[in-house]
Amino acid sequence: MRKLLLPIVALLPLLSGGCVAKTAWNVATLPVKAGSQAVDWTTTSQEESDRNYGKKMREKEAQEGKERRKREKECKKNPDNCQAYDGYRASDPD
């Protein structure tokens, strides 16, 4: 029985089509892949940063537009208590 089992075990890697070797490779490279994925999740790319900044600016502009329209509506109702709208002015960093 032992003589029959040895050739079968020797041929098993050839018959499996390299599945054992591929599985061993996947197991060996798993920590590297997991580490790189963790770094990817914790960092922000320049593209993501630009996209987030653009979204923030569009939301801010939309809010300013709502406030301006609300103010114009109030000015139409009570023009005596209205000041001229100078537009949005960015504050100086100094």
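**Figure 1. Overall fold, read as α-α-α along the sequence.** The protein has 3 helices and 0 strands (DSSP runs numbered from the N terminus: helices are H or I with at least four residues, strands E with at least two). This is a predicted model, in which local features need pLDDT of at least 70 and side-chain atom pairs count only at pLDDT 80 or more, while totals for chains, interfaces and linings use all residues. Residues are numbered from 1 along each chain as its sequence is written, and side-chain values use heavy atoms, with hydrogens and water left out.

**Figure 2. Surface of the protein.** The accessible surface comes to about 9,300 Å², and carbon and sulfur atoms hold 58% of that area (Shrake-Rupley method, 1.4 Å probe). Of the 94 residues, 5% count as buried (under 20% relative accessible area; exposed is over 50%, partly exposed in between; 1.4 Å probe, protein chains only).

**Figure 3. Helix α3, residues 46–77.** From first C-alpha to last, the 32 residues of α3 reach 47 Å, close to the 46 Å expected at 1.5 Å a residue (1.5 Å times one less than the number of residues). Gly54, Glu64, Gly65 and Cys75 are buried in α3.

**Figure 4. Salt bridge between Glu47 and Arg51.** The N to O distance between the two side chains is 3.9 Å (the rule asks for a side-chain nitrogen of Lys or Arg within 4 Å of a carboxyl oxygen of Asp or Glu). The count by this rule is 1 salt bridge. Both Glu47 and Arg51 belong to helix α3 and lie 4 residues apart, about one turn of the helix. Glu47 is exposed at 58% relative accessibility, whereas Arg51 is partly exposed at 46%.
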